[in-house]
Amino acid sequence: MKTVLFVLAGLLGLLVLLLLTAVVRTLLIPKKTSTYQPKEDEQEALALAQKLSKMVQVDTTSYPGVYEAEKFGAFHTVLKELFPLVHEKLERTEIDGNLLYYWKGKSSEKPILLMSHQDTVPAEGEWKYPPFSGKIAEGKVWGRGAADTKCSVMAFFEATERLLAQGFVPPQDVYLASSCTEEWAGDGAPKLVKELQRRGVKLYLLCDEGGGIIEEPIGGVHGNFAMVGIFEKGKADVRFTARSTGGHASAPGKNTPIARLSAFVNKTEKHSPFKKQISPQVAAMFQTLAPYAPFGLRLLFGNLWLFRPLLKAVLPAVSAQAGAMLKTTIAFTMQSGSNAFNSLPQKATLGANMRFIPHQGQSESLEIIRREAEKFNLSMEVLHANDYTKPVDIHGPAYQTVQRVITQTFPGLASSPYVMTGATDAQFYQPICNNCIRFAPVIYAPEQMKGMHGLNENIAYNCLPGAVRFYQNLICTEK
């Protein structure tokens, strides 16, 4: 008994020592504040808002497998009107509505590409202002595509237009690109990549949407932060099927198709089969944000050597977004069964969307969920799948270039690497670019985050001048 008490006392003493060490380390972390707030000339911001408004007014809703030439042609006409020098001076290539511009620089050794998509998701429901009105009101531009992502398209076109007006020649070749199929992961971006491959282009740096200047990126961490996306998770659409002989609903048996599907969903959501892990990229994010966090979070984020297991356990409960950075996820999204209330289905189906994390990639994650489905006598069909993208080296020169440009453009703005849980066109450029950065230089407060793909999408126009300057600085920076 004395031996047990001695061991317990020793363990307790060790735990106290570890906690005291963590507290001391936390107290030594210099506390920082992200002070950046856009303070822009109202006249300039409003002029940019008016350009963005005209772009939003063109309905560029895209649908899987459908190319509407007139719709995107109308948008291209607006681009020509708003940015005449871009269309006069740059080499323009259009492939089925997808746009590629080439600006010859002093060198072709380290070409960069600025990109964002021109298409939007459908605008449904009752909006405060009509979704394709481009209404300028309450300090914002309203409408579908304002935030996702015609604001970025406007900003890098405007940056190029201003530099051309000055007679500027970039230090390296510059490409501008915009697909019209991004919202459904269509073949627009792949067609542009194929064209660049035909030309023998190997990009040094690409800057697409994805991250952004996010207000309060993690609950309790206040201020604006440049969250720079460095890779994106893979994804798959899968269908699970439960079969039976059917029958009349007046005499149901056990383990009917819908019951089996429901039990599978319930177990998977309550007890995820996927392993949680804090990757080096996520660890870097926590360590970057630690000085800006209140003491409790600073203690956790700044001492991953001790609190890593605790963070893995609690983060998914605190934030779905943060939790998605730690593991493969599966979201159940579609279901079908019988066509009659009084008839048991012979076949019931369940659709799900999966997102793969590097430590359990496409093959392993699909095999895990297939085994889980078989426990409920379900078959699984993979309709589409692609794996995660290679992470950008956050210590490499390309990422550090973007960091310097952020600091130069937005004084007082903290910056952090960020794991993309969604998907972008940047994924298709991996074969020709090792540094695919996902960062839109605009401010996304909770209102803007909620509006993307939802009701009342908008962007505050006071952040537009900063976005233009970011692209100008990125173009002008020696690589």
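Residues are numbered from 1 along each chain as its sequence is written, and side-chain values use heavy atoms, with hydrogens and water left out. Because the model is predicted, local features need pLDDT of at least 70 and side-chain atom pairs count only at pLDDT 80 or more, whereas totals for chains, interfaces and linings use all residues.

Helices (H or I, at least four residues) and strands (E, at least two) are DSSP runs, numbered from the N terminus. Two strands are said to pair if DSSP finds at least two bridges between them. A residue is buried under 20% relative accessible area, exposed over 50% and partly exposed in between (1.4 Å probe, protein chains only).

Strand S6 spans residues 174–178 and is mostly covered, with 5 of its 5 residues buried. In a regular strand, side chains alternate between the two faces of the sheet. In S6, Val-174, Leu-176 and Ser-178 point one way. Tyr-175 and Ala-177 point the other way, and all of these residues are buried. S6 pairs with strand S2 (residues 98–103) in the antiparallel sense, over 5 bridges. Trp-103 stands opposite Val-174 of S6. S6 also pairs with strand S3 (residues 112–115), here in the parallel sense and over 4 bridges. Leu-114 faces Leu-176 of S6 in this pairing.

S3 pairs in turn with strand S7, in the parallel sense over 3 bridges. Leu-113 stands opposite Leu-206 in S7. S7 is mostly covered: 9 of its 11 residues are buried. Strand S16 (residues 436–444) is another parallel partner of S7, joined over 7 bridges. The bridge partner of Gly-211 in S16 is Phe-439. With S8, S7 pairs in the antiparallel sense over 4 bridges. Ile-213 stands opposite Ala-226 in S8.

The loop between S7 (205–215) and S8 (224–232) contains Ile-218. Ile-218 counts as buried because its relative accessibility is 12%. Contact means heavy atoms within 4.5 Å. Leaving aside residues up to four places away in sequence, Ile-218 touches Met-285, Phe-286, Leu-289 and Phe-301. The C-alpha atoms of Ile-218 and Ala-373 are separated by 34 Å, and the two residues lie 155 residues apart along the chain.

An open sheet of 4 strands has the order S11-S13-S9-S14, with antiparallel pairing. Strands S11 (329–336) and S14 (379–386) stand at its edges, each with a single partner strand, so one side of each is left without a neighbour in the sheet. On average, neighbouring strands of this sheet are turned by 20 degrees against each other, direction ignored. S11 pairs with strand S13 (residues 347–356) in the antiparallel sense over 7 bridges. Within that pairing, Ile-330 stands opposite Met-354 of S13. Helix H12 (residues 362–374) lies across S9 (234–243), S11, S13 and S14. H12 runs at about 160 degrees to S14.

Helix H15 packs with helices H5 and H13. Axes are lines fitted to C-alpha atoms, for helices over the stretch in contact, and angles run from 0 to 180 degrees between N-to-C directions. Angles under 35 degrees count as roughly parallel, over 145 as roughly antiparallel, 65 to 115 as roughly perpendicular and the rest as oblique. A crossing is right-handed if the near helix is turned clockwise from the far one by less than a right angle, and left-handed if anticlockwise. For residue classes, Ala, Val, Leu, Ile, Met, Phe, Trp, Tyr, Cys and Pro count as nonpolar, Asp, Glu, Lys and Arg as charged, and the others, Gly among them, as polar.

The axes of H13 (residues 397–409) and H15 (residues 464–476) come within 9 Å and cross at roughly 135 degrees. H13 is therefore oblique to H15. The crossing is right-handed. Residues of H13 in this contact include Thr-401, Val-405 and Ile-406, and those of H15 include Arg-469, Phe-470 and Leu-474. By class, the contact has 5 nonpolar, 5 polar and 1 charged residues.

H5 (residues 146–165) packs against H15 at about 55 degrees, with the axes 8 Å apart. H5 is therefore oblique to H15. This crossing, too, is right-handed. Among the H5 residues in contact are Met-154, Phe-156 and Leu-163, while H15 contributes residues including Leu-464, Tyr-471 and Ile-475. The contact of H5 with H15 divides into 12 nonpolar, 3 polar and 2 charged residues.
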